[in-house]
Amino acid sequence: MFNAFSDSVLDNVRNQFPKINSLEDAEFYMNSLEKEKGTEAKAYYAAMFFMKAKYVKFPLSKYNNFKKGKTALDQLVKENSTNVEIRYLRYVFQNELPSFLNYNSNIQEDYLVIVKGIEKSDLNKQFKQKILKNMLLVKSISKDQTTQIKLLLNKI
């Protein structure tokens, strides 16, 4: 019973990410994930700091939330270097956050881990497709990367 609830919390957050569009939503999902033990749940918890940073008003609060998210997510990547989902989260944020934050040095590395590992990952087919489709929306994606992702989408 507990695992079914646990999966539903994580699945709910997965389905809503990256459509979270308010501070209240980010805090709601943080509260939902707070007691979750899984690595992916911890990654989404870290991601909610980035989402909060987007919606809080004060610059210092924005920066503090950014730093908490960055520290937590980078630590999870360090501990789980081949985890496609964690790499995907970092890939999205490093592509979308303002360049003055200098949080963009792992984009290519994360991209490679994702495209090399997504087919063999334990994620379900629909979620793999969602990851790849979201990657196609990234502003800085190259034509070669777009082609590679579209080929992967056809394989999955």
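Predicted model: local features only at pLDDT ≥ 70, side-chain atom pairs only at ≥ 80, totals over all residues.
Local features require pLDDT of at least 70 and side-chain atom pairs pLDDT 80 or more, while totals for chains, interfaces and linings use all residues. Residues are numbered from 1 along each chain as its sequence is written, and side-chain values use heavy atoms, with hydrogens and water left out.

**Helix α4**

Helices are DSSP runs (H or I, at least four residues), numbered from the N terminus. Helix α4 covers residues 59–79 and has 21 residues. From first to last C-alpha the helix reaches 30 Å, close to the 30 Å expected at 1.5 Å a residue; the expected span is 1.5 Å times one less than the number of residues. Burial is assigned by relative accessible area (buried under 20%, exposed over 50%, partly exposed in between; 1.4 Å probe, protein chains only).

| Side of α4 | Residues |
|---|---|
| Buried | Asn 65, Phe 66, Gly 69, Leu 73, Leu 76, Val 77 |
| Exposed, turned away from the buried side | Leu 60, Thr 71, Lys 78, Glu 79 |

Seen down the axis, the buried residues of α4 fall within an arc of 105°, so they line one face of the helix; the arc is that of the directions from the helix axis to the C-beta atoms. These buried residues pack against α3 (39–55) and α5 (84–96), with contact meaning heavy atoms within 4.5 Å.

**Aromatic contacts**

Rings of Phe, Tyr and Trp (its six-membered ring) pair if their centres lie within 6.5 Å; planes under 30 degrees apart count as stacked, over 60 as edge-to-face and the rest as tilted. The count comes to eleven aromatic pairs. Phe 66 and Tyr 103 form an edge-to-face pair, 5.8 Å centre to centre with 80° between the planes. This pair links distant parts of the chain, 37 residues apart: Phe 66 lies in α4, and Tyr 103 in the loop between α5 and α6 (107–117). Both Phe 66 and Tyr 103 are buried.

Definitions and conventions. Helix = DSSP H or I, 4+ residues; strand = E, 2+ residues; numbered from the N terminus.
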